[in-house]
Amino acid sequence: MAVNTSTDLAALYRSDFKVFDHVTYMNTCSQGALADSVKGSFDAYLKTLELKGSAWGDWAGHQETVRDLLGKFFNVPANQIAVTTSASAGVASLASALDFTGKRNKVVTTDNEFPTIGQIWHAQEKRGAKVIHVPSKEDLTVDLSALLAAIDDETLIVSVTHVCFRNGTMTELEPIIEAAHKVGALVLVDAYQSVGAIPIDLSNLKTDFLVGGNLKYMLGAPGVGFMFARPETTGHLIPTATGWFAADNIFAMAIHSYDPAKDARRFESGTPAIPSLYPAAAGMEYVLNIGLANIAAYVAPLHDELREGISGLGYRVVTPKAPQNHAAMIAIATLDENAHVAALESEKVVVSSRDGNVRISPHFYNDREDVAKVIAAFAKTKQFIRK
Ligand SMILES: Cc1ncc(COP(=O)(O)O)c(C=O)c1O
């Protein structure tokens with residue numbers, strides 16, 4: 001169905017999401033709400049077991065369906081995408097392909113990374129990697145000039161998160177990519193908290209790698225992640241953490257040689273998480289049908305309304321205000337994140353927390369009534385205000 005930016009997306013799509021019969025759900029940064037079609041896709045997987053017992057043809061086909069949909073999501077050919085079992089699996093495979101033994105051994109990263117990113121890079125210190133963290137600014141945004149200054153001709157890869165999982169801060173990627181490429185360094189973007197919430201066109205954004213997963217704004221389930229690898233700049237990188245699903249010919253069953261796929265599939269590993277491929281495909285079809293630009297344009301005023309209402313109660317909003325510095329998520333400072341989330345849940349408002357902040361993450365299925373309910377729940381829990 002064609003929609004445009006003035007369309008009330010929740011009015012069109014919300015009835016497909018049963019969770020709203022029970023709670024005000026604004027926790028997409030943790031897990032997307034379950035669409036009826038996504039629920040049906042789990043059944044479709046179970047049906048293959050009931051009808052055929054083993055259905056490897058259907059299942060392998062589903063891996064390719066997911067790859068094709070990811071290609072559509074990012075506007076790149078599907079064979080530039082590895083379909084993995086998590087974002088971590090993609091990054092670990094990429095890290096295994098890098099050589100840290102030469103002069104170019106630096107990983108330049110930020111303090112806004114998800115733990116898995118920091119941990120994987122620090123694990124490479126044993127292999128010679130030198131990991132540099134650029135501290136964030138006081139407003140929690142990445143210090144762009146410090147980051148650019150840290151990128152030099154000893155930098156092997158620059159690893160940045162697009163939207164921070166803790167505070168919702170969004171980082172401008174283009175200058176980072178430009179600076180890295182100028183000195184011959186690679187760029188990895190962790191886009192887990194932005195994919196499905198805002199458009200990302202990898203035919204324009206020239207990052208070398210981009211990772212994410214399907215369970216949040218893409219409406220899928222745990223078990224499917226992905227990594228884009230740009231062939232022109234990454235074709236020389238051959239992972240040493242690998243497996244038979246990364247082989248050029250999976251069915252060669254070779255045990256005396258290593259012959260990885262020529263395309264991004266070389267960053268895959270073992271048997272895919274087949275049950276999760278079904279919801280991954282159904283979720284992406286749903287989101288693509290609405291359109292990423294429509295989703296971003298619809299959610300932006302909900303984000304602003306949450307900001308205005310909650311800060312009006314005396315709370316401190318941690319997420320920067322400028323539209324170029326945030327996506328869907330908005331984070332609020334709290335005195336006790338777990339108790340506050342529990343108190344909000346007793347008001348039937350489902351959100352989550354990290355690092356001393358309550359995280360609220362609207363998506364296209366939320367409406368202004370949900371926003372009003374969230375603000376009302378914050379009004380009832382003012383004992384948690386942290387200035
Ligand atoms: C920004 C970000 N990166 C990475 C991850 C984790 O990815 P995975 O568990 O698929 O490795 C998350 C999960 O919440 C995330 O928010």
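Helix H2 (residues 36-52) packs against helix H9 (residues 274-290) at an angle of about 150°, and their axes are 8 Å apart. The model is predicted: local features need pLDDT of at least 70, side-chain atom pairs count only at pLDDT 80 or more, and totals for chains, interfaces and linings use all residues. Residues are numbered from 1 along each chain as its sequence is written.

**Exercise 1.** State how H2 and H9 are oriented to each other.

Step 1. Axes are lines fitted to C-alpha atoms, for helices over the stretch in contact, and angles run from 0 to 180 degrees between N-to-C directions.
Step 2. Angles under 35 degrees count as roughly parallel, over 145 as roughly antiparallel, 65 to 115 as roughly perpendicular and the rest as oblique.
Step 3. H2 and H9 are therefore roughly antiparallel.

**Exercise 2.** Decide whether strand E7 (residues 209-213) is enclosed, and find its partners.

Step 1. A residue is buried if 20 or more other C-beta atoms, placed from the backbone, lie within 10 Å of its own.
Step 2. 5 of the 5 residues of E7 are buried, so the strand is largely enclosed by the rest of the structure.
Step 3. Phe-209, Val-211 and Gly-213 point one way, Leu-210 and Gly-212 the other.
Step 4. Strands pair if DSSP finds at least two bridges between them. E7 has 3 bridges to strand E6 (residues 186-190), running parallel, and 5 to strand E8 (residues 225-229), running antiparallel.
Step 5. Val-211 is the bridge partner of Asp-190 and stands opposite Met-227 in E8.

Definitions and conventions
Buried ≥ 20, exposed ≤ 12 C-beta atoms within 10 Å, placed from the backbone. Helix = DSSP H or I, 4+ residues; strand = E, 2+ residues; numbered from the N terminus.
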